[in-house]
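Have the sequence and the model open side by side.

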Amino acid sequence: MASSPTPPTGEPRDLAAHLMEQAMGHVFSAALRTAAHHRLADHLAAGPRTPEQLAAATGTHAPHLHRVLRYLATRGFFREDTAGAYHLTPAAVPLRTDVPDSMHPAVMMATDELFLRTSAALPEAVRHEGASFERLFGAPLFEHLTTDPATRRVFDDGMSSVSAPVDAAVADVYPFPAEGTVVDVGGGRGGLLRAALRRHPQLTGVLFDQAPPLAHHLLEGDELKGRWRTQEGDFFASVPEGGDVYVLKHVLHDWPDDACLRILRSCRRAMAAGRRLLVIDAVLPPGNAPHFGKTLDVAMMAVVDGRERTTEEFATLLSAGGFRLTRVLPTPAFPSIVEAVAE
């Protein structure tokens, strides 16, 4: 019997199994959520444990837990040894709740039923245009969050978790001025502003957002005392005036172009000519290379009718909003820093 043709380099030999593996990605999300929900990484922090030991500690069913762990181990989350005990791997360390920049809240947010249902409705989003979230829940995401405080807390905790490594990366890469005022527009709990102020002791800052994230801001403490203030408001209407550097981190990707122009023009009205605007978002590379921004782009389409953008798309959008793109700085995290000046 003739052997089957050798597939092209890098292509899986069993194409059917590979296709089904991708189609069942929701199973991996559920397994990862199970690990986060039962805080398995916390329980393995002190050393390896068997599924039976983990089950006793978490109140779960040992045989089922073992099967979930075995599956997660195929992706590098946990590792089973020859004695049948599971170890914490580097990939799973961010799932611990007690480590700096824990990603536990981010995983709980991303795997929440709210977003799983939205992704499942993606075929309808493609058919009808617009976010599938609004058709499912009867209101846009940010409006829905105002009516559901528990989900709002999951969302804010998750976004703060996602932002932490980005905040450090941006503050390390970007040459903020030694003095002046940074206005963080839609800045959530203020992680980026905190990182920038810590690295530049003469800077001051304004954290501008809605009330729920501001209520849990991260700017308290003696180190930053007297160098910041919070201001509640709507960035579609106006933003604080008089800043030297304005920041939009993970803001524009939430909105279609027409809404982004309203935000940009609101910022431009508040800024003197020559002042700098930093847009912190994924910048999509050309071609077929994988990039987390391409995943995020589809998620934004389904959840909020937003999008990730290419350098050229940012340049066009910024120009229409009264800015000139000056450079794009990559960071060690997935977003880049798109710098523009007010014209």
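In this predicted model, strand 6 (residues 245–249) runs parallel to strand 7 (residues 276–281), and five bridges join the pair. Across this pairing, Leu-248 faces Val-279 of strand 7. Strands in a sheet are held to one another by backbone hydrogen bonds, in either a parallel or an antiparallel arrangement.

The two strands belong to an open sheet of seven, ordered 5-4-3-6-7-9-8, with mixed pairing. Strand 5 (228–232) and strand 8 (323–330) are the edges; each has a single partner strand, so one side of each has no neighbour in the sheet. On average, neighbouring strands are turned by 20° against each other, direction ignored.

Helices pack on this sheet. Helix 12 (residues 191–199) touches strand 3 (180–185), strand 4 (203–209), strand 5 and strand 6, and its direction makes about 180° with that of strand 4. Helix 14 (residues 257–270) touches strand 3, strand 6, strand 7, strand 8 and strand 9 (336–342); its direction makes about 165° with that of strand 6.

Which residues of helix 16 (residues 311–320) are buried? They are Phe-314, Leu-317 and Leu-318. Viewed down the helix axis, these buried residues fall within an arc of 95°, so they line one face of helix 16. Their cover includes helix 14, strand 7, strand 8 and strand 9. On the face turned away from the buried side, helix 16 carries the exposed residues Glu-312, Thr-316 and Ser-319. Just after helix 16 comes Gly-322, with a positive phi of about 100°.

Terms used
Residues numbered from 1 in each chain as written. Predicted model: local features only at pLDDT ≥ 70, side-chain atom pairs only at ≥ 80, totals over all residues. Heavy atoms only, no water. Pairing = 2+ DSSP bridges. Helix = DSSP H or I, 4+ residues; strand = E, 2+ residues; numbered from the N terminus. Axes fitted to C-alpha atoms, helices over the stretch in contact; angles between N-to-C directions. Contact = heavy atoms within 4.5 Å. Buried < 20%, exposed > 50% of the residue type's maximum accessible area, 1.4 Å probe, protein only. Arc of directions from axis to C-beta.
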